[in-house]
Amino acid sequence: MPTGDSLRRRYESVRARIEAATERRGRRGRQVILVAVTSGASIDQIRQLLALGQVDLAETHASTLAQHAAQVEEFLQRHRELPSARRENLPGTVRWHMIGPLPRNRVRKILEMTRLIHSVDSLRLAEELQTAAAARLPEPLEVLIQVNAAGDRRGPGVAPPATRHLVEQIETMFNLRIRGLMCSAPPGGDPEAAREVFQRCHELFLDTRRSGLCSDRFDILSMGCSEDFEVAIECGANIVRVGRAIFGGEGAADRGR
């Protein structure tokens, strides 16, 4: 896996590619949020990434998110206690995203440390999140609905025709706040196959916004990973989830499957 200057080069390359893809879409690069997927990364690599200014991090498994979030918070706390002359240019806090399947029995484990849950794919999971958030959080929990826009029978997410019904149900839950949709393209790295999936999800995102079911806060479209994030941006994504292109290695899975 890359370390030091190698990780910096990879990270800066990803940021430059995001900027270029966003400009092709007619937007500014900072309108797209890069979420760095730390699955498979070491804690030292995560610290290096924080020093480069990255504040949005994600995990695909609840247990790993809990472990990494605790390690990062301990590191940042020690950093805050240093004399100002010895402090590096690190963020004051980190925004953790849950992008993988979330078993209902793991909800409480990660609830208080997660900024945004991308992978709500059923009413039962939404109800579990609603109950846990009511007991543990002072503010509504922000979530995305994961859509199976690829039509893969074994793939994660809600079937596109069922998305509106799930939106309607979650909108009645006072302790959840729907911010948008999330999807993944099928594995394989075919950019044009990915484009078709992303365009389908973008159309569903726009239809849901126009429906009036949600307020203006329905404004996040999370699509794209290391293999296809540029195509995702061209199709309207404003969050991309990138692991391997930053950290390298097969372990840095960033699809959120």
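At what angle do helix 2 and helix 3 pack, and how far apart are their axes? Please keep in mind that the model is predicted.

1. Helix 2 spans residues 43-51 and helix 3 spans residues 62-80. The two pack at an angle of about 55°, and their axes lie 11 Å apart. Because of that angle, helix 2 is oblique to helix 3. Their crossing is right-handed.

2. On the helix 2 side, the contact uses Ile43, Ile46, Arg47 and Leu50. These meet His68, Gln71, Val72, Phe75, Leu76 and Arg78 in helix 3. By class, the residues of this contact are six nonpolar, two polar and two charged.

3. How do the residues lining the largest pocket divide by class? There are six nonpolar, one polar and five charged residues in that lining.

Key: Residues are numbered from 1 along each chain as its sequence is written. This is a predicted model: local features need pLDDT of at least 70, side-chain atom pairs count only at pLDDT 80 or more; totals for chains, interfaces and linings use all residues. Side-chain values use heavy atoms; hydrogens and water are left out. Axes are lines fitted to C-alpha atoms, for helices over the stretch in contact, and angles run from 0 to 180 degrees between N-to-C directions. Helices (H or I, at least four residues) and strands (E, at least two) are DSSP runs, numbered from the N terminus. Angles under 35 degrees count as roughly parallel, over 145 as roughly antiparallel, 65 to 115 as roughly perpendicular and the rest as oblique. A crossing is left-handed if the near helix is turned anticlockwise from the far one by less than a right angle, and right-handed if clockwise. Contact means heavy atoms within 4.5 Å. Ala, Val, Leu, Ile, Met, Phe, Trp, Tyr, Cys and Pro count as nonpolar, Asp, Glu, Lys and Arg as charged, and the others, Gly among them, as polar.
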